[in-house]
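Keep the structure open while you read.

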Amino acid sequence: MRVLNTEKIIDPLAQAVEQALCNVEPAVLRKLEDAAKTESGKEAKWAIDKLIENGETAAKTHSFACQDTGLAVVFAEVGQSLKLEGMLLCDAINEGIRRGYKTARKSVACPLSRVNTKDNTPAVIHTEIADGDKLTLYYLAKGAGSENMSRIYMLTPSKGRDGIIAAATDAVKSAGANPCPPVILGIGIGGTMEKAALLSKKALLRECGKPSNDTEVAALESDILAAVNALKIGAQGFGGDVTALSVSAEIFPTHIGMLPVAVNIQCHSSRHAHLVFEGEEK
């Protein structure tokens, strides 16, 4: 049996968070570079070039890629055969987040009093039991500008595939320039209201531009991307060919009388990390 003292995840998580906040996902930068080559709008092309420059400068100078360093979202996959010891896993994760955000903007506050917690905790933690004997952590920085524009649609089954595309397009159209396009879309389809929302957030962990392994879902992703880009909102709302860089969708079986669709919008400043902890054999 492998045993992991949770205190051992704190410093690696803190370092990963600090690094992530200064480095836009490489696949996003590649997508932006591709967009710069094909964008026909003069103002939008200028905006995309500035976004690329910003991402490169942040990485070189170890500066924050965006002033909104976000609320920390962590997906924790705990191997069923792994034994955890020491402090509670959630406490260890929050300590890692606390240290990782030491010099970053503190953006977490009580929803009622609006009193700031002053250390960017607590993180939003989703825990899942998985096969094996490892602990896997996925960290995602989620800024308010994009998260505020996310939507849930409780469709009737008759709306079908076209309804899903229309929901995603409606969410992006309603958002306009607010989430700092070009955006990345995470789409959750099925389950219940909260399951669809969780799927949409989890979809954002996939590498930007990587299609689903399910050919039917991949085709849907492609069609949603085309429909969204046809809106011509463009980079930073200047109008143009590229409103979204990619679409990632995750599905889950649902009730015969429901078709939940969640659209989670991520800005171009996509920052996340992936860590795996094995523990010690005992």
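Two strands count as paired if DSSP finds at least two bridges between them. The model discussed here is predicted.

Strand β5 (residues 135-142) and β10 run antiparallel. Six bridges join them.

## Strand β1 and its partners

Strand β1 covers residues 2-5. Four bridges join β1 to strand β3 (residues 82-85), and the two run parallel. Asn-5 has Glu-85 in β3 as its bridge partner.

β1 is also joined to β11, here by two bridges. This pair runs antiparallel. Val-3 stands opposite Glu-280 in β11.

Glu-281 and Arg-2 form a salt bridge, with their closest N and O atoms 3.9 Å apart. The cut-off for a salt bridge is 4 Å, so a pair within that distance counts. Glu-281 lies in strand β11 (residues 280-281) and Arg-2 in strand β1, so the bridge ties together parts that are 279 residues apart in sequence.

How exposed are the two partners, by relative accessible area? Glu-281 is exposed, at 54%. Arg-2 is partly exposed, at 22%. Exposed means over 50% and buried means under 20%, which is why Arg-2 falls in between.

## Other salt bridges

How many salt bridges does the count come to? The total is 18. One of them is between the side chains of Asp-49 and Lys-45, at 2.8 Å from N to O. These two residues are four apart in helix α3 (residues 42-61), which means that about one helical turn separates them. Asp-49 is partly exposed, with a relative accessible area of 32%. Lys-45 is partly exposed too, at 28%.

Asp-241 and Lys-232 form another salt bridge. Their closest N and O atoms are 2.8 Å apart. Asp-241 counts as partly exposed at 21% relative accessibility. Lys-232 is also partly exposed, with a relative accessible area of 44%. Elsewhere, salt bridges with shared partners join five residues into one network: Asp-11, Glu-95, Arg-98, Arg-99 and Asp-119.

Empty space shows up when a probe the size of a water molecule is rolled over the atoms. How many cavities of 30 Å³ or more does the count give? There is one. The largest cavity has a volume of about 30 Å³.

Which residues line the largest cavity? The lining consists of Glu-25, Ile-184, Leu-204, Arg-206, Glu-207, Cys-208, Gln-266 and Ser-270. By class, three of these lining residues are nonpolar, two are polar and three are charged. Ile, Leu and Cys count as nonpolar, so Ile-184, Leu-204 and Cys-208 make up the nonpolar part. Glu and Arg count as charged, so Glu-25, Arg-206 and Glu-207 make up the charged part. Gln-266 and Ser-270 are the polar residues of the lining.

Note on methods:
Residues are numbered from 1 along each chain as its sequence is written. This is a predicted model: local features need pLDDT of at least 70, side-chain atom pairs count only at pLDDT 80 or more; totals for chains, interfaces and linings use all residues. Side-chain values use heavy atoms; hydrogens and water are left out. Buried means under 20% relative accessible area, exposed over 50%, partly exposed in between (1.4 Å probe, protein chains only). On a 1 Å grid over the protein atoms alone, a cavity is a set of points where a 1.4 Å probe fits but cannot get out, and a pocket is an open set with protein on both sides within 12 Å along at least five of seven lines; lining residues have an atom within 4 Å of a point. Grid points are joined across faces, edges and corners, and a volume is the space filled by probe spheres set on the points.
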